[in-house]
Amino acid sequence: MEQTFSGIVTRATGSWYDVATATGPVRCRIRGRLRLKGARTTSPVVVGDRVKCERDDNGDYTIVSVEPRHNYVIRRASNLSKESHIIAANIDRAIVLATLQQPATPPEFVDRFLVTCEAYKIPATVVLSKCDLQEPEAMAHFRAIYEGAGYPVIEVSTRTGQGVEEVRAQLAGRTTLLSGNSGVGKSSLIAAIDPTLDIRTGEISESHLKGRHTTTFSTMYPLLGGGAVIDTPGIKGFGLIDIDDGELWHYFPEMMRVGHDCRFYNCTHTHEPGCAVEEAVRQGIIAPQRYESYLKMLDDDEKYRK
């Protein structure tokens, strides 16, 4: 006789899914129709999903349905691909880690991640990692850009302990997604926040100053202080999907603060006369780096549609 129960997906490998239930963890496969239902996405079931499972007479577990997600973080699966990859679902907060060197995080990666968080109404924090290795002047410039946009910025060093308590406070009682390029220190930060967790960490490859992957699959870890953190594999690129060109600027908070002053209601903030956004860039109210990211995203979307 089949038994049905509910749970939350804590690890997704593509073949097997670990699910936390009221009576303990179980390992499941997914029912075939769920794969078909998610044909446009590479991830029909993701970490953070609330699911219904069945146990058959042989003791095997199967995910039979996924409850509606109240939010998620999504990216284009590959360059110019129409498929999407949902990284995690049902998140209270997202944290994007960046480093200015060893390795250097492309600013556009951070901006694309933040745009996606804005689009799906997920509060986001920017963490400047390995701050003991960064130039103070460069860190101050980075902080000014993102605090000016409206995001909390935390400088962290797991070697010295700087900022770890501040991040721990943000995680308490929440389900938080932690994301970033390989080598920025995601796993090291989680291990510093909760040393009881068994987190694998890696060193930077000296030959290329790039991070080695230490997280193979997205995994949700419960935290001693309450809440949970989702550790994700290092992401190289973050292509936007399902965001119209006309709406893109809505997901830049600093552009939204001045955009209503544009001469034309349908201003694209690229070339129109009387554009308040372009004027704010000229005056330094909006960081040129952020505006350049906006223009690149528009350009990439144009290529994608061709």
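Contact, in these legends, means that heavy atoms lie within 4.5 Å. This is a predicted model, in which local features need pLDDT of at least 70 and side-chain atom pairs count only at pLDDT 80 or more, while totals for chains, interfaces and linings use all residues. Residues are numbered from 1 along each chain as its sequence is written, and side-chain values use heavy atoms, with hydrogens and water left out.

**View 1. Ser 179 and the residues it touches.** Ser 179 sits in strand β11, which covers residues 175–179. Helices (H or I, at least four residues) and strands (E, at least two) are DSSP runs, numbered from the N terminus. Not counting residues up to four places away in sequence, Ser 179 touches Ile 95, Val 96, Leu 97, Phe 113, Lys 186, Thr 232 and Ile 235. Is Ser 179 buried or exposed? Its relative accessible area is 0%, so Ser 179 is buried. Here buried means under 20% relative accessible area, exposed means over 50%, and partly exposed lies in between (1.4 Å probe, protein chains only).

**View 2. The whole protein, for orientation.** Let us step back for a moment. The protein has nine helices and 15 strands. Of its 306 residues, 51% are buried. Among contacts between residues at least 6 apart in sequence, 64% join residues at least 24 apart. The accessible surface comes to about 15,200 Å², and 50% of this belongs to carbon and sulfur atoms. Such areas come from the Shrake-Rupley method with a 1.4 Å probe; for residues, only the protein chains shown count as cover.

**View 3. Val 9 in strand β1.** Strand β1 spans residues 3–12 and holds Val 9. With a relative accessibility of 0%, Val 9 counts as buried. Which residues does Val 9 contact, leaving aside its neighbours within four places in sequence? They are Tyr 17, Asp 18, Val 19, Val 45, Val 46, Val 47, Gly 48, Asp 49, Val 51, Ile 63 and Met 220. Val 26 is 17 residues from Val 9 along the chain, and their C-alpha atoms are separated by 9.6 Å.

View 4. Arg 93 belongs to strand β8, residues 93–98. This arginine counts as buried because its relative accessibility is 15%. Find Thr 176 next: Arg 93 and Thr 176 are 83 residues apart in sequence, and their C-alpha atoms are 4.8 Å apart in space. Beyond neighbours within four places in sequence, the contacts of Arg 93 include Ile 122, Pro 123, Gln 170, Arg 174 and Thr 176.

**View 5. Nonpolar cores.** A nonpolar core is a set of buried Ala, Val, Leu, Ile, Met, Phe, Trp, Tyr and Cys residues joined through side-chain atoms within 4.5 Å. The largest one has 71 residues, and Ile 63, Leu 177 and Leu 248 touch the most other members. Helix α2 gives the most to this core, with seven residues. A second, separate core has 18 residues, among them Val 127, Ile 154, Val 156 and Val 167.

**View 6. Aromatic pairs.** Rings of Phe, Tyr and Trp (its six-membered ring) pair if their centres lie within 6.5 Å; planes under 30 degrees apart count as stacked, over 60 as edge-to-face and the rest as tilted. Searching the whole structure gives five aromatic pairs. One of them is the tilted pair of Tyr 72 and Tyr 120, with 4.7 Å centre to centre and 35° between the planes. Tyr 72 lies in strand β6 (residues 72–76) and Tyr 120 in the loop between α2 (107–119) and β9 (124–128), so the pair ties together parts that are 48 residues apart in sequence. At 23% relative accessibility, Tyr 72 is partly exposed.

Now look at Phe 252 and Tyr 294: their ring centres are 5.7 Å apart and their planes meet at 80°, so this pair is edge-to-face. Phe 252 is in the loop between α6 (245–248) and α7 (253–259), and Tyr 294 is in helix α9 (residues 288–305), so the pair links parts that are 42 residues apart in sequence. Phe 252 is buried at 0% relative accessible area, and Tyr 294 is buried at 1%. Together with Tyr 291, Phe 252 and Tyr 294 form one aromatic cluster.

**View 7. Backbone details in three loops.** Gln 102 and Pro 103 are joined by a cis peptide bond, with omega about -5°. Pro 103 is in the loop between β8 and α2. Asn 90, in the loop between β7 (84–89) and β8, has a phi near 55°, a positive value in a residue other than glycine. Lys 130 also has a positive phi, near 55°, and is found in the loop between β9 and α3 (136–149).
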